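I'm opening my notebook on a structure that is new to me. Here is what I looked up, step by step.

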Amino acid sequence: MIELYYWPTPNGHKITMFLEEVGLPYEIVPINIGKGDQFKPDFLKIAPNNRMPAIIDRAPKDGGAPISVFESGAILEYLGDKTGKFFPSDVRARTEVRQWLFWQMGGLGPMAGQNHHFAIDAPEKLPYAIERYVNETNRLYGVLNRRLADRPFVAGDYSIADMAAYPWIVPYKNQGQDLDNFTHLKRWFETIQNRPATVRAYEKGKQVNSAQPTMTDEAKKILFGQTAASVTAAVR
Ligand SMILES: N[C@@H](CCC(=O)N[C@@H](CS)C(=O)NCC(=O)O)C(=O)O
């Protein structure tokens, strides 16, 4: 049984998408980031960056003590290795998957995240910041679109690299992007959207947070303006 510390955000959906694909039993522990659960001392023990998702595997492959993992890319690799699915062991295929996973972790995720922040959440609408991140998101969509021109998925077969990227394309309208400008990306997006496991994963998200929007005024106070002191105060 995997314990998944989760809230239905793009980084959270990556992990439910994987778990729904492989059918590994898991239990969701909601981490309501709008209410500050990410600062609870017990959560910080497994997720020292005060961000979800994180997992605890109580039955690791080596039969030893439970293993906890934070960072969605590391979690996807861990689960891929545990199950032998969606993260190949062959050196060439594995390298393909890993480089596109890191591309998402270091590029698409953070840039689209800043895009959402400045275009949607920021109290002041700063044209320079909005343009910078909308343009960079647009460039990354272009990279993905070109990559998908001659293959069904980003790194061969459907893999953890696709699962990492897909949830960050879901809010494309909020990112100021139009999928009709990216033919191959649109085809890829719709293929993944229609996978039964993706549908189940997004349903799980609705069950965990059915009503309240995460981004209330109270949540903004918790989520924005964090400093080193926020974590120090939490672990005291
Ligand atoms: N690089 C991290 C990023 C995780 C992350 O940013 N999670 C957000 C939600 S998508 C979070 O927990 N935010 C809480 C906060 O900002 O305090 C990962 O991929 O796991």
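Started at the end of helix α3: the next residue is Gly-84, and its phi is positive, near 70°. I'm keeping in mind that this is a predicted model.

Then I went back along α3 itself. The helix runs over residues 72–83, with Ser-72 in it. I checked its span: twelve residues reach 16 Å from first C-alpha to last, close to the 16 Å expected at 1.5 Å a residue.

Is Ser-72 buried or exposed? Its relative accessible area is 4%, under the 20% cut-off, so I noted Ser-72 as buried. Leaving out residues up to four places away in sequence, I found that Ser-72 touches Asn-11, Lys-14, Ile-15, Pro-53 and Met-105.

Other buried residues of α3 include Ile-75, Leu-76 and Leu-79. I looked up what the buried residues of α3 pack against, and the list has β1, α1, β3, β4, α4 and α6.

Next, aromatic rings. My search of the whole structure gave eleven aromatic pairs. One of them is Tyr-166 with Phe-189, stacked at 5.1 Å centre to centre and 25° between the planes. This pair links helix α6 to helix α7, 23 residues apart. I found both Tyr-166 and Phe-189 buried.

Tyr-166 also pairs with Tyr-202: the centres are 6.1 Å apart and the planes at 90°, so I logged the pair as edge-to-face.

Which residues form one aromatic cluster? I wrote down Tyr-166, Tyr-172, Trp-188, Phe-189 and Tyr-202.

Last entry: Arg-132 lies over the face of Tyr-133, 5.5 Å from the ring centre.

Technical notes:
Residues numbered from 1 in each chain as written. Predicted model: local features only at pLDDT ≥ 70, side-chain atom pairs only at ≥ 80, totals over all residues. Heavy atoms only, no water. Helix = DSSP H or I, 4+ residues; strand = E, 2+ residues; numbered from the N terminus. Buried < 20%, exposed > 50% of the residue type's maximum accessible area, 1.4 Å probe, protein only. Contact = heavy atoms within 4.5 Å. Expected span 1.5 Å × (residues − 1). Phe/Tyr/Trp six-rings, centres within 6.5 Å; stacked < 30°, edge-to-face > 60°. Lys NZ or Arg CZ within 6 Å of the ring centre and 35° of its normal.
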